[in-house]
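Subject: Structure handover

Hello,

Here is the structure I promised you. Please open it and keep it beside this email while you read.

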Amino acid sequence: MKVSITSLDLTDLDVDLVIVPLTEQQATESLNTLADDLGPAFTRASDDFSGKDDQTLIVYPENTRARRFLLVGLGMADDVTMESLREAAARAADVTAPMGVETIALTTPRVSVDLDSACQALVEGFMLASYKYLDYKTTGGEHRPVERIVMHGDKNDTVGRRGAERGRIVAEAVMLARDLVNKSPHDKTPTLLAREFEKIGKKAGFEVSVWDKSVIEEEKMGGLLAVNKGSVDPPTFTVLEYKPENAVNDRPIVLVGKGIVFDTGGLSLKPTKDSMDHMKADMGGAAAVIATFDAIARLSVPLYVMGFIPATDNRPGGNAYVPGDVVTMHDGTTVEVLNTDAEGRMVLADALSYAKTYNPMLTLDVATLTGSQVIALGGRVAAVMTTPDSDSVARLDELEAAGLRSGDMVARLPFHAFYKKQLDSEVADMKNVGGREAGSITAGKFLEHFAPTPFVHIDIAGPGWTPKKMPYRPIGGTGFGVRLLTEYLRGLAAPKKTKK
């Protein structure tokens, strides 16, 4: 999809559809102005459109080259945010989809959100709402996506152009993550997934290297190897590196993504309904990490970033690891396995331990890790935890602010030291589960044991997949985490330039 900006008069815009977002305060005056320029159809429209945030109205004007206009309500001006702009653009996309339009124009709204952010949000919302995954459709999969979005703004508006282009790149990265999550498990074995990562890195401009099972064995990644024992497909460990010449950091920021390409639960078998049936999404953390690399490389974010993706499936094969096994991890810690369905933390622990090799300035993992996260926060907000230190409050503040700006919202959970006691084992250094109480937190404490400091754990079990359509999120993989991480990393690279 191409995105551009123009300052042509509305009468001269040669597009299939012009989308006009308006607040309640602007509606009457703006419709009168449009009526003066484009004809009385907008005067008649004022009877049915007041700018409320659930309103849309199609208008067919007389005096313009554009075939139709779509009025979209933003609600009260004081309530307009980047997220409400995304959702308004998503409503426009939903109305537009059956029309089969190829070119649209989005008029720049006059709201309190700065122009750069507003243009980004509108483009993101429209593109993400237009997403469809049709790779396996043989019939009924016809989809004519919009080919070109034109932002209508002031002359020589470089700020709006920059925001719109960033919105396009970020939206494409999110859709890349969605594609990977939605892909059939047989088409994303660890080896096939790693090949996809190599293609993405080559295209976007970052380094990708893939370890096979022999290298993983040499590195003694006992957690990853244990989970893989029940599989017929070998594991992989993918290393990502993005190091631009103008990077502002010498020590890398590390991103770790859980790459369980399908999770049956192993011998601790999951029920099918509402559980195993969407476990192709258990590599949503890996998808978020690779897509974030795609975004920051294409946006030329001046940061040195490393990424690690341990990948395997978790199946109850004849040699599968069993409850009661004691596994020696990459760092030498022994772990008593009491639930083979707590496999994500086992593979992530090895990756986090390996990350210490690079002495990172900050390490973040992203994972569809626990059902407890869904119970606590639902399907739109991820859980975030961090090692307690003098910067932990500021770190969480920045992550939550990045979540509000990006639409990938997070909420902090407590991370006190006493939670780790639930992982004490009678036969090994620690257990891989801590019981029902505070399940998301004890999973995070398990990972903290292996991770470099400072460390951030982001549990996306709920928002990584949606069983029902939500604003700009169709059923299936959501690509959650890409916008959050991209926005957060942009803030670390240029904190004075990134607006809250």
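Two strands count as paired if DSSP finds at least two bridges between them. Keep that in mind for what follows. Note also that this is a predicted model.

Start with strand β15, residues 381-386. Six of its six residues are buried. Val381, Ala383 and Met385 point one way, while Ala382, Val384 and Thr386 point the other way. In a regular strand, side chains alternate between the two faces of the sheet.

β15 has a parallel partner, strand β16 (residues 409-412), joined over four bridges. There, alanine 382 stands opposite valine 410.

Now the rings. The structure holds 12 aromatic pairs. One of them joins phenylalanine 206 and phenylalanine 293, with ring centres 5.4 Å apart. Their planes meet at 50°, so the pair is tilted. Phenylalanine 206 lies in the loop between α6 and β7, and phenylalanine 293 in helix α9, so the pair ties together parts that are 87 residues apart in sequence. Phenylalanine 206 is buried, at 5% relative accessible area. Phenylalanine 293 is buried too, at 0%.

Ring pairs also link Trp211, Phe237, Phe308, Tyr354 and Tyr358 into a cluster.

Last, two charges over rings. Lysine 243 lies over the face of tyrosine 304, 4.5 Å from the ring centre. Lysine 445 has its charged end over the ring of phenylalanine 415, 4.3 Å from its centre.

Best wishes

Conventions:
Residues are numbered from 1 along each chain as its sequence is written. This is a predicted model: local features need pLDDT of at least 70, side-chain atom pairs count only at pLDDT 80 or more; totals for chains, interfaces and linings use all residues. Side-chain values use heavy atoms; hydrogens and water are left out. Buried means under 20% relative accessible area, exposed over 50%, partly exposed in between (1.4 Å probe, protein chains only). Helices (H or I, at least four residues) and strands (E, at least two) are DSSP runs, numbered from the N terminus. Rings of Phe, Tyr and Trp (its six-membered ring) pair if their centres lie within 6.5 Å; planes under 30 degrees apart count as stacked, over 60 as edge-to-face and the rest as tilted. A charge sits over a ring if NZ of Lys or CZ of Arg is within 6 Å of the ring centre and within 35 degrees of the ring normal.
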